[in-house]
Protein chains: 6
Amino acid sequence: MVRILVINPNSTVEMTNNVKKVLDSCTPLDVELQYLSGPPNGPASIESVFDGILTASFVMRHFKQNPPQCDAFLVACYSDHPLVSALREAYKKPCLGIMQASIFAALSLGRKVAIVTTTKRYEPLLSAGVRAMGISDSVFAGVVSTGLTPLELESKPRTEVDALVQKSSRRAVQELGADVICLGCAGMAHMVEVVQQAVGPDVPVVEGAKAGVGMLTSLVQMSLFTSKVGAYQAIPF
Amino acid sequence: MVRILVINPNSTVEMTNNVKKVLDSCTPLDVELQYLSGPPNGPASIESVFDGILTASFVMRHFKQNPPQCDAFLVACYSDHPLVSALREAYKKPCLGIMQASIFAALSLGRKVAIVTTTKRYEPLLSAGVRAMGISDSVFAGVVSTGLTPLELESKPRTEVDALVQKSSRRAVQELGADVICLGCAGMAHMVEVVQQAVGPDVPVVEGAKAGVGMLTSLVQMSLFTSKVGAYQAIPF
Amino acid sequence: MVRILVINPNSTVEMTNNVKKVLDSCTPLDVELQYLSGPPNGPASIESVFDGILTASFVMRHFKQNPPQCDAFLVACYSDHPLVSALREAYKKPCLGIMQASIFAALSLGRKVAIVTTTKRYEPLLSAGVRAMGISDSVFAGVVSTGLTPLELESKPRTEVDALVQKSSRRAVQELGADVICLGCAGMAHMVEVVQQAVGPDVPVVEGAKAGVGMLTSLVQMSLFTSKVGAYQAIPF
Amino acid sequence: MVRILVINPNSTVEMTNNVKKVLDSCTPLDVELQYLSGPPNGPASIESVFDGILTASFVMRHFKQNPPQCDAFLVACYSDHPLVSALREAYKKPCLGIMQASIFAALSLGRKVAIVTTTKRYEPLLSAGVRAMGISDSVFAGVVSTGLTPLELESKPRTEVDALVQKSSRRAVQELGADVICLGCAGMAHMVEVVQQAVGPDVPVVEGAKAGVGMLTSLVQMSLFTSKVGAYQAIPF
Amino acid sequence: MVRILVINPNSTVEMTNNVKKVLDSCTPLDVELQYLSGPPNGPASIESVFDGILTASFVMRHFKQNPPQCDAFLVACYSDHPLVSALREAYKKPCLGIMQASIFAALSLGRKVAIVTTTKRYEPLLSAGVRAMGISDSVFAGVVSTGLTPLELESKPRTEVDALVQKSSRRAVQELGADVICLGCAGMAHMVEVVQQAVGPDVPVVEGAKAGVGMLTSLVQMSLFTSKVGAYQAIPF
Amino acid sequence: MVRILVINPNSTVEMTNNVKKVLDSCTPLDVELQYLSGPPNGPASIESVFDGILTASFVMRHFKQNPPQCDAFLVACYSDHPLVSALREAYKKPCLGIMQASIFAALSLGRKVAIVTTTKRYEPLLSAGVRAMGISDSVFAGVVSTGLTPLELESKPRTEVDALVQKSSRRAVQELGADVICLGCAGMAHMVEVVQQAVGPDVPVVEGAKAGVGMLTSLVQMSLFTSKVGAYQAIPF
């Protein structure tokens, strides 16, 4: 049995539940998923580097009190979230963010990956995040933002949200030349089919939480672990 | 049930069996592995671009006569083997080479990946292959060759082979600054522990066939498929 | 006398003749050109990586039976055709593809090179091919496709073809900022003037077959040869 | 008849004659070479960016008085010499430096090119020059300097010079992994065989002046010209 | 007291005075600025690489006769002007061009820098110049040209000039995604406010002459100097 | 008067005082420096990404209670410290880390910059940090670690520390080909002369805190500010 702890670092439990609903529908038999949301006094959604720092420090403090009982971590925030590095330093268990997982899956399916995301500020942040993974622009088409905040994905009328996400997805294919789409927010986890309709049956649409569960399951089954000789050397924790 | 066809494009059935032995020990319950070797009149091992072309055309001709009954393809030759692109063009089923799979797994575990491989000529070929995946030198430490041909991995005395592979692995860590090692030949699939001993318990050692089975299983379970709008558009086949 | 074997790897003899007509009009005195087409049962045009593999293996098999009597090879398919690497491995004689030759000539004349080609799928394939040559985006403006297949260049009405190629060429200059145009298909070898009219007298238009004959002639006259110590080490052939 | 003006921008006529001797031995029948040295009061060799500026302005002033009667220019200084850009701006005739010509030839023969040059300062200057051509480190192995100044190539004892150049060439192959060597100074034009002996018969050794004559001849025969719509737009001259 | 020599390499004294007026309004107390224009017989503005060479050689010749009495040099031509390298070779005093200074300031304020400049030819030249600084496209959004020559910035009606520069600046933000604007010509030194109005109060507008004075002052106060062990080794001057 | 708040995010007041001593000796007349250390219960030194997150969240919480009274921020931790981004999001005042400031100063003085730092793990972290600034490997020679932790810089005997830092600095010049050295830890702020002795009078040695004060002073004097339209859009704070 592989136990994966899915961490939604923000305080919006609905978002955690949204991811849970998506993952529960397809969790492999030998995998057990646990869920953790950020504390109630933390940010309701992660919309800046500062939110990332804050939620990372909250989660790490939580683990100091409550050591995690799992085999791997999945950080369910679509960003270059600093919690990923922090967990890799603190533990040897494999750890992925949903951004990283979605990019690896997407690069297995096409040659030009785009991310459809929320606010405009995420365009430079996610581009920098993908580049920090060592992925070059030769296979990365870029980021298209819908202009919706993460919370508006839930609060705005469904048809309006769907239309904006679909429009951005089509732009990614037609204007950026993308041949694979990554859903760039945990709050979009349930939107694979909505986007698939927009881009047609020949463009794969990758949801990062599912991709992360798959990849981490495989890493744990291979008994693999985070390297401890380079950037992720152990920290006193 | 996810059916993955593992293709060893060369004619050396021992190498296929070697991979099979490694994979059988850890195949997930819901995965069925099939195996295919290259035809007897093809190259016994793949040591050049020309061998890649030849074996790719053999395998594709075979599929024209014998349509594959599987959900995904794993090309078990550690190279930028042209069969990967050919299968992606001919089918919508996900397809990975063990080089690609190992790199994605390795990048989930560390920040500087090196490949330990066979002959010296594979140094430029694998470097170019990793670059063709869109992976930049910021996370790729390079390739170290042992000087052994793929067939010598089997024919030479075990202690000699082990010593050479261990020495190259240590060089990858100490001289190239790698924090993760990928085993750069299908014929090394059984050598994870040998290399682990050499580099110590803090450097993950990734075997590409296992990584490929894990990744393809996940892609199939997500109902994902090869993109058909960009480079891998369907071909009449 | 420098003998260059011009290889059109597909089976369309008209395309070979088209190239021949273009080259015969300007072959230097001390150069003798030989021509080889792909076998009749091979692909009529090369529209995928798979076509490349197939035609490369056909041509190599032909040479096994009929050793080439020449000083250099020119692969007259505008792509990162695997035959180029295969010939470099099998022989020490210089070998170029028309893509490589056209890019080197173009980079001698301007600072931002674009390729005008046939189908949309060639956009990612040629971009990757140019990048595989080690050419960075700082001097490569990109690829514009006309939407015509290689065979349609011949079968469609001349005025329609010309109009589409001219429109794409203008787009390359105006939208991509190119200052040199490469004709991205052997089937366009006769279209230098058509494109020149479209882009005006200040934008050089490079035809790869002619550029390749010139470059190979020079390499042979310098007694230069394919390196045999790196990626192109000799193969038993 | 193709008339190429070979410009040695420094004042050392012996260096011009050295290049002339090398080129005369192998000039194609339909090519006529003219020679121009820098003025006597200019630098005796080009050892800095400042020397490049000075000699470029001298040569351009000369042409203002004495319009060149040729079809193409070859700048016989192995550097990113500013005269190349200046001539491309002033004329439409093709223009190459021997650095550029040697790199294009070398990339036709191998996959990892190194330059063997004179003083240590040329290491960063030539690396930057190759990068300015748009050539990435994936195919460029780097620069090895002998420590000799251009003038010492002539003034020091032949055996000492040969030994130093041979040692640097071997280092380029063995330590940088180069599979092609470019001779990085016009004053080394006669040293192809010396270097060939050092690196063995499988490593091509490219001399830039010969490569430049070949490439320019081909460009002129194709009626190609410097682009006038981008960086090299015409200047009032 | 830090003495900075501001060099306008062209002969247009009005342009020097324009820069002077801008700098005088904000020179720190402990800084003394000196000014030098190019000689009357030199180019009135710098519109090509050739103009750069010519003006660099004029200025250097001037210094040979009249050794500069200053602590640092600022080359007030917005380009990769060769005088910057020449001065770094000839002296140990710090030297910056206004292009370099503006880019460093801009990268301190945002993550995507664009340059608004004069003629279209400067688009490739400045892109190459920024790349030669080692700045990658991840933080460089590109160059937008107004179509005005440097001299037309003065000679054309103020409202027309302002409108064109404002339009280009908005394009840089809206189309290239820039979050900082650099004024790409010494002749625009007085236009910070004009551009600020166009792009709004949240986009910083960097003027390179001021940025250069600030940066050089700081380098001198730290007793820093141009490196003499690499590319800028001392030349006999 | 320009007021710069120098933030040492760790709790070691001795380190803050060390930086203060260095800066006080050379603060320009019109600059007022304020100092802030991390809270006593925070990390004593910053040796991981996790330490960065923790100290950034501490400092930001402090500012929520005690709004800063300054014109600019200098983060005196030599790393890609997340506090830099957080402050840029929270405020419009210019903000630099000492890593960024030192790199910009160094690139003004040479063409190949190296960093000499503390522990080995900082090698990949600082390389990634410099790359995240958009600085390419063409001008970045790399990182050399002494093996000393930040605290050991103080606690170990002075001669031992000096010897290790000097040895690493010489290695940076001799083995990495650096022509400028950046001191890669706030705890090395007083070591400019020690390093200068090791590398000789022709290699500039850049101390980031001084460089940061100079650069921020200049940005404030130009009335420049952090961009608010891209990655650093305002956050509710």
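**Aromatic pairs and other spots**

Modeller: Happy to! C:Phe104 is buried, and D:Phe104 is buried too; buried means under 20% relative accessible area, exposed over 50%, and partly exposed in between, with a 1.4 Å probe and protein chains only. This is a predicted model, where local features need pLDDT of at least 70 and side-chain atom pairs count only at pLDDT 80 or more, while totals for chains, interfaces and linings use all residues. Residues are numbered from 1 along each chain as its sequence is written, chains are lettered from A and ligands numbered from 1 in the order in which they are written, and side-chain values use heavy atoms, with hydrogens and water left out.

Colleague: Thanks! How many aromatic pairs does the structure hold over all chains?

Modeller: Over all chains there are 21. Rings of Phe, Tyr and Trp (its six-membered ring) pair if their centres lie within 6.5 Å; planes under 30 degrees apart count as stacked, over 60 as edge-to-face and the rest as tilted. Take C:Phe63 and C:Phe73: their ring centres are 5.8 Å apart and their planes are at 45°, so this pair is tilted.

Colleague: Where do C:Phe63 and C:Phe73 lie?

Modeller: C:Phe63 is in helix α2 (residues 49–65) of chain C and C:Phe73 is in strand β3 (residues 72–75) of chain C, so the pair ties together parts that are 10 residues apart in sequence. Helices (H or I, at least four residues) and strands (E, at least two) are DSSP runs, numbered from the N terminus. C:Phe63 and C:Phe73 are both buried.

Colleague: And what about C:Phe104 and D:Phe104?

Modeller: They form a tilted aromatic pair, 5.3 Å centre to centre with 40° between the planes. C:Phe104 sits in helix α4 (residues 98–107) of chain C and D:Phe104 in helix α4 (residues 98–107) of chain D, so the pair joins two chains.

Colleague: Which residues form an aromatic cluster in chain A?

Modeller: A:Phe63, A:Phe73 and A:Tyr91 form one.

Colleague: New topic: how do α2 and α3 of chain F pack?

Modeller: Helix α2 (residues 49–65) and helix α3 (residues 82–90) of chain F pack at an angle of about 30°, with axes 8 Å apart. That makes α2(F) roughly parallel to α3(F). Angles under 35 degrees count as roughly parallel, over 145 as roughly antiparallel, 65 to 115 as roughly perpendicular and the rest as oblique. The axes are lines fitted to C-alpha atoms, for helices over the stretch in contact, and the angles run from 0 to 180 degrees between N-to-C directions.

Colleague: Which residues meet there?

Modeller: From α2(F), F:Gly52, F:Ile53, F:Ala56, F:Val59, F:Met60 and F:Phe63 meet F:Pro82, F:Leu83, F:Ala86, F:Leu87 and F:Ala90 of α3(F). Contact means heavy atoms within 4.5 Å.

Colleague: Let's jump to E:Cys185. Is E:Cys185 buried or exposed?

Modeller: E:Cys185 is buried, with a relative accessible area of 9%. E:Cys185 is in the loop between β7 (180–183) and α8 (192–199) of chain E. Not counting residues up to four places away in sequence, E:Cys185 touches E:Tyr78, E:Thr118, E:Pro150 and E:Leu153.

Colleague: Last one: where is E:Ser223?

Modeller: E:Ser223 is in the segment after α9 (208–221) of chain E. E:Ser223 is exposed, with a relative accessible area of 57%. Phi of E:Ser223 is near 60°, a positive value in a residue other than glycine.
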